Structures are given as C-alpha cells and as structure tokens.
Amino acid sequence: MKRKFVAVEEDSLDNHGVAWWRGHLLGKGGSGSVFLAYLKKPKSRNEFYRRVMAVKSAEVSSSSSLQKEKEVFNHLHDCPYILECYGEETTVSQNGQMFYNLLLEYASGGTLADLIRRSGGCGLPELDVKRYTRSILKGIDYIHRHDYVHRDLKPENVLLVPSGSGDFVPKIADFGLAKKVQKTKRRVFDSSIAGTILYMAPETLVDNIQESPSDIWALGCIVYEMFTGKPLWGLNPNESTEELCKRIVDRFKLPEIPSGISKDGKDFLKRCLVKNHKFRFTIEMLLNHPFVSGILDDRGNEPCDWSCCEE
C-alpha cells in the first residue's frame, strides 16, 4: 500500500537543521526522502546526535506518517536490533517550505534487499541467513513485547549497521505503518490494512487481520528471500494484484520450500509460512528453534537471555 507525501527534493540542500547539515539524497521511501546528515560541529559532544546520521524528511502538511513513526520510536528504544531514532526537528527551506525531519541512525551497509540483490539471485550463505534471522527475530520480539505490530516487514525495511567486529547488524526500520495491539479478548474489526502485498499474510488479505502472527509470516518471506535471492511469490510482471492475492490466500497452494538448505532451515520456514495463523509458530517458539539457537551474537558471544530486548 503506497503512502502519499511531498518529498524534499534533492536540490533543496539549503534545508539544514540547527545542529546538522543536510547531505546528499540516499533514497525515497513511502513516507519521506532520506538524506545523509552531518553534525555542524563534529568535535563537540552532543548527547542526542551522532557525527553522521540519516535524516528522513517530508513536507509538514504530509508528514503524518513520519510523525506517527516518531511516536512509535518513543516506545521502542535501547534494542540493538531496531534502528535508533535521535530526535525530530522542523526545518524551513529558502523558499519558505516547512519540513518535518526524523534524525535516524545511519545504516552504511544499505538494506537487506540491497544485499540480497547483490547475490545475483543465488541467495546468501546459510550461516549469514541464520545470523540475520536471529537478529531480526530479536527485533520483532522487542516490538511485540511493547504491544506493537510492524505490518510492513520486508528486506527493504531491514537496514545494515556496522558492528564493532567489522560485520553488519540487521536492524528493523520504518515504523510508519506500525500499529498498537488492542489488549482485549474481543476482536475489534479493522477495515484498514497496510504494508506490501508480497509480504502480507493470508489472514490479512482475507479477514483484514494484522497481528503478531502476520509479522511472523512476513519474517518467513524475508528468510525465504535470503535463502533463494528471490521473493516467495516471485515477480511476474504479467500477474495482476488480484491473481497474486489469490495465490497467497489459497490454502491448497503451499509455499515451495527450497531444497538446497539444511533440515533446520526448511523446518524454520515451514513454521513461519503456515497459512492458518492459529497454527503458525509464535516468536517464543522461533527463538528456541534449532535453526537460530546456538548462533553467536555480533560480538562473538554465546546467545544472551534476551533481557536486552525486554522492558
């Protein structure tokens, strides 16, 4: 589902913040344009900002999604597998336009989608898939523990940030479509759905249900794509959106699990990609699955007790 916004144009580089300079354009997403940003006084100690950041910007009049994202970030912090948000600021360009800006952690490794694309359709080594999956799982666990559902998990929304060991840590980003989970036994009907169809769960397309199991389905789609280098449902330019949706919701058409991966990898995918969300593995079950258990963390240590991602 696309979100409309008025982007900051690449030539609007006069639109700086109080303590930071706007650099070159990094890319455009569903809710804003993302630029590189630098502290004006890099040697000074600033408790809020980093020397190099990313700034996500949209015109104030169309920045509701960005402002919502900031509200979500206010509840999701101190987790090493979620992109950091340093703050917000409104700026005015020379022609008088007002822009809302989110100052974010800069992911110099790009997106997980970029990394998969560079594999040339071959996918990533299984050890890397395991390590990235474990990190993304911990990020999702943290999101769910804080009563949110992301609703738009996909490789483009997983960013790669350098770690101290010289590798990259995958971090979940883009919370503009995230929603607060209703703490009630009675289901509240929600006619709105959000996200990207290729990663939507069957229950979302059939019954407009987007809860924790829907994020697990999307995780399965991401893991499949890391293994194979291709989206779970393929990219057929001749297939209509309606035809794609029918394939996703068809309970007799099960996702094809790749053959050239380990037994644990196959089983992990099967547990995520269960069409009936009631029988899909929970985040707790997946965290203890042999595919990801026993994987060293990004510092080369044994897995922690997950307390770093608890309230």
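Which element supplies the largest share of the lining of the largest pocket? Helix 2 does, with 4 residues. This is a predicted model, where local features need pLDDT of at least 70, side-chain atom pairs count only at pLDDT 80 or more, and totals for chains, interfaces and linings use all residues. Residues are numbered from 1 along each chain as its sequence is written, and side-chain values use heavy atoms, leaving out hydrogens and water.

View 1. A pocket is an open set of points on a 1 Å grid over the protein atoms alone, where a 1.4 Å probe fits, with protein on both sides within 12 Å along at least five of seven lines. The volume here is about 1,000 Å³. Lining residues (an atom within 4 Å of a point) number 40, and the closest to the centre are Lys28, Gly29, Thr111, Glu156 and Asn157.

**View 2. Elements around the largest pocket.** Strand 1 (20–28), strand 3 (52–59), strand 5 (98–105) and helix 2 (112–118) each give at least two residues to the lining. Helices (H or I, at least four residues) and strands (E, at least two) are DSSP runs, numbered from the N terminus. The protein chain has 8 helices and 9 strands.

**View 3. Cysteines Cys221 and Cys85.** Cys221 is buried, at 1% relative accessibility. Cys85 is partly exposed, at 23%. Buried means under 20% relative accessible area, exposed over 50%, and partly exposed in between (1.4 Å probe, protein chains only). The closest cysteine sulfur to that of Cys221 lies in Cys272, 9.1 Å away, too far for a bond. A disulfide is a pair of cysteine sulfur atoms within 2.5 Å, and the count by this rule is 0.

Definitions and conventions. Grid points are joined across faces, edges and corners, and a volume is the space filled by probe spheres set on the points.
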